[in-house]
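Q: Hi, I have a structure open and would like to go through it step by step. Can we start with what the words for surface and interior stand for?

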Amino acid sequence: MPVITEKFSLNMEGDSEIKNITKEISDILSAIKIKNGTVTIFVKHTTSSLMIFEDEPGLRKDTKSTWEKIIPANKEWQHNILNPGEDNGHSHLRAQIQGQSLTIPFLKNALTLGTWQQVVVIDFDTRARRREIIVQIIGE
């Protein structure tokens, strides 16, 4: 089976910013010759994650406040203590739980997402960064 690997980058602001990347993934799928298979999306950073959710303003706010309750930014995490100048221990912990990759089936060059499902990147870091997204496609 053929494998195609693409990548793109995003400028992110941190502080649990969410960016929808469904269109970027869909555009990549529509431009390839593989019609059916799976696409794996991977963010190459330890303080950001990928997720599927209903992308609407209320859930964006709820997601940010939920992460703040589960893993607060104001704790003295060992990462910060053992690495002077670091303030993003919570960012690493949140990303560990959420995860850096997703695999989604596609048919006829289209993601098989449900009606309200969208693919998003969430950036947990404490400052703006450029995030690299790897998209790997396998199929026929």
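Predicted model: local features only at pLDDT ≥ 70, side-chain atom pairs only at ≥ 80, totals over all residues.

Q: Then where does methionine 1 fall, buried or exposed?

A: Methionine 1 has a relative accessibility of 71%, so it counts as exposed. It lies in the segment before β1, a strand covering residues 3-12.

Q: Which residues make a nonpolar patch with Met1?

A: Val3 and Ile138 do; together with Met1 they make a nonpolar surface patch of about 310 Å².

Q: What does proline 2 touch, apart from its neighbours in sequence?

A: Leaving aside neighbours within four places in sequence, proline 2 is in contact with Ile34, Ile137, Ile138 and Gly139. Proline 2 and isoleucine 138 are 136 residues apart in sequence, yet their C-alpha atoms are 5.9 Å apart in space.

Q: Let's zoom out. How many helices and strands are there?

A: There are four helices and eight strands. Starting from the N terminus, the order is β-β-α-β-β-α-α-α-β-β-β-β.

Q: How much of the protein is buried?

A: Of its 140 residues, 39% count as buried. The accessible surface comes to about 7900 Å², and carbon and sulfur atoms hold 53% of that.

Q: What share of the contacts links residues 24 or more positions apart?

A: Among contacts with a separation of 6 or more, such pairs account for 82%.

Q: Back to details. Which residues of α1 are buried?

A: Helix α1 spans residues 22-30, and its buried residues are Thr22, Ile25, Ile28 and Leu29. Viewed down the helix axis, these buried residues fall within an arc of 130°, so they line one face of α1.

Q: Why would residues a few places apart point the same way?

A: An α-helix has 3.6 residues a turn, so residues three or four places apart point the same way.

Q: What is exposed on the other side of α1?

A: Lys23 and Ser30 are exposed there.

Q: Which residues touch the most other members of the largest nonpolar core?

A: Ile21, Ile25, Val39, Ile41, Ile133 and Ile137 do, in a core of 23 residues. The elements that give two or more residues to this core are β1, α1, β3 (37-43), β5 (101-107), β7 (117-123) and β8 (129-139).

Q: What is isoleucine 41 in contact with?

A: Beyond its neighbours within four places in sequence, isoleucine 41 has contacts that include Ile21, Ile25, Leu50, Leu102, Ile104, Val119 and Ile133. There is also a second, separate core of nine residues, with Phe53, Trp67, Ile71 and Ile122 among them.

Q: What about α4, which of its residues are buried?

A: In α4 (residues 89-98), the buried ones are Gly89, His90, Ser91, His92, Arg94 and Ala95. What covers them includes β4 (48-54), α2 (57-70) and α3 (78-82). Just after α4, glycine 99 takes a positive phi of about 100°.

Q: New topic: how many salt bridges does a search of the whole structure find?

A: It finds nine. One of these bridges joins aspartate 15 and lysine 64, whose closest N and O atoms are 2.8 Å apart. Aspartate 15 lies in the loop between β1 and β2 (17-20) and lysine 64 in helix α2, so the pair ties together parts that are 49 residues apart in sequence.

Q: Are those two buried or exposed?

A: Aspartate 15 counts as exposed at 51% relative accessibility, and lysine 64 counts as partly exposed at 35%.

Q: Which residue does arginine 129 meet in a salt bridge?

A: Arginine 129 meets aspartate 125, at 2.3 Å from N to O. Arginine 129 is partly exposed at 28% relative accessibility, while aspartate 125 is buried at 2%. Aspartate 125 also forms a salt bridge with arginine 131, with the closest N and O atoms 3.6 Å apart. Salt bridges with shared partners join Asp123, Asp125, Arg129 and Arg131 into one network.

Definitions and conventions. Residues numbered from 1 in each chain as written. Heavy atoms only, no water. Buried < 20%, exposed > 50% of the residue type's maximum accessible area, 1.4 Å probe, protein only. Arc of directions from axis to C-beta. Patch = residues over 30% accessible without salt bridge, like charges linked within 9 Å, V, L, I, M, F, W, Y side chains within 5 Å. Areas by Shrake-Rupley, 256 points an atom, 1.4 Å probe, with all protein chains shown as cover. Salt bridge = Lys/Arg side-chain N within 4 Å of Asp/Glu carboxyl O. Core = buried A, V, L, I, M, F, W, Y, C linked by side-chain atoms within 4.5 Å. Contact = heavy atoms within 4.5 Å.
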